[in-house]
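Keep the structure open beside you as you read.

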Amino acid sequence: MAGNKTFTMIKPDATGAGHTGKIIDKIIEAGFSFKAMKWTQLTTADAQQFYLVHKDRPFYGELVEYMTSGPIVAAILEKDNAVASFRELIGATNPAEAAEGTIRKMFATSIAANAVHGSDSDENAAIEGSFFFSQRERTL
Ligand code: ADP
Ligand code: MG
C-alpha cells in the first residue's frame, strides 16, 4: 500500500522570486497537510549529500551550485498516496513538458531551476525527511 507522507523543497528560484506563499497555497488546496516545515539554506556538502544519487549525471555540479544559491523551504507533507499525488501536482521535471496547472508549469524557469522537489518513492520520502527533521519533528 502506498504511504501517506512525502518530502518537498521549494527551491531557490522560487523562494527568490517571491513564489513561496503561492506554492504553499497550491499544496494546501491540493489536499496536503504540512507535518513539518523549515526555511533554510543548503551548504555545498548538504546539497552534494542530498543529491548523491545523481553524482554521475552531467548536471550534478550545476545542480549542487543552484541548490546552494539561495534559501529553500523544506517540508514533510501528508496525504493519501502522497508520493504519486505530489508528483502529479508538481508536473514533469522539465517545465516545458509539465502539464497545465502544475506547480512547475506555473513557477519553474528551467529544467534545473524547476521550483520544487518531490520525493520519488516512499523510501526516499523517509530518507529525505530525516535529512532535515529530527525524529521528534517527523512524528509530531
Ligand atoms: P525530479 O526532481 O523531477 O525527480 P530528477 O530526480 O531526475 O528530477 O533530477 C533532480 C533535479 O536535478 C531536478 O529537479 C532538476 O532540478 C535537476 N535536473 C534534472 N535534469 C536536469 C538537466 N538535464 N539539466 C539540469 N538540471 C537537471
Ligand atoms: Mg528525483
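The second largest pocket of this predicted model is lined by Lys5, Thr6, Phe7, Ile76, Asp122, Ala125, Ala126, Gly129, Ser130, Arg138 and Thr139. Here a pocket is an open set of points on a 1 Å grid over the protein atoms alone, where a 1.4 Å probe fits and protein lies on both sides within 12 Å along at least five of seven lines; lining residues have an atom within 4 Å of a point.

**Second largest pocket**
- Strand 1 (5–10) and helix 7 are the elements that give two or more residues to this lining; helices (H or I, at least four residues) and strands (E, at least two) are DSSP runs, numbered from the N terminus.
- Helix 7 contributes the most, with five residues.
- Four nonpolar, four polar and three charged residues make up the lining, where Ala, Val, Leu, Ile, Met, Phe, Trp, Tyr, Cys and Pro count as nonpolar, Asp, Glu, Lys and Arg as charged, and the others, Gly among them, as polar.
- Its volume is about 180 Å³, taken as the space filled by probe spheres set on grid points joined across faces, edges and corners.

**Largest pocket**
- The largest pocket holds about 700 Å³ of space.
- Of its 25 lining residues, Tyr51, Val53, His54, Leu63 and His117 lie nearest the centre.
- Helix 3 (44–50), helix 4 (60–67), strand 4 (116–118) and helix 7 (122–132) each supply at least two lining residues, and helix 7 gives the most, with four.
- By class, this lining has 10 nonpolar, eight polar and seven charged residues.

**Ligand 1**
- Ligand 1 sits in the largest pocket, meaning that more than half of its atoms lie within 2 Å of the pocket's grid points.
- Around ligand 1, with a heavy atom within 4 Å, are residues including Lys11, His54, Arg57, Phe59 and Glu62.
- This shell divides into four nonpolar, three polar and five charged residues.
- Oxygen atoms of ligand 1 lie 2.9 Å from a side-chain N or O atom of Lys11, 3.0 Å from one of Arg104 and 2.9 Å from one of Asn114.
- Taken alone, ligand 1 exposes 530 Å², and the protein buries 82% of that (Shrake-Rupley method, 1.4 Å probe).

**Reading notes**
- Residues are numbered from 1 along each chain as its sequence is written, while chains are lettered from A and ligands numbered from 1 in the order in which they are written.
- Local features need pLDDT of at least 70 and side-chain atom pairs pLDDT 80 or more, whereas totals for chains, interfaces and linings use all residues; side-chain values use heavy atoms, leaving out hydrogens and water.

Definitions and conventions. Polar contact = N/O pair within 3.5 Å; in protein donor to acceptor, adjacent residues only side chain to side chain.
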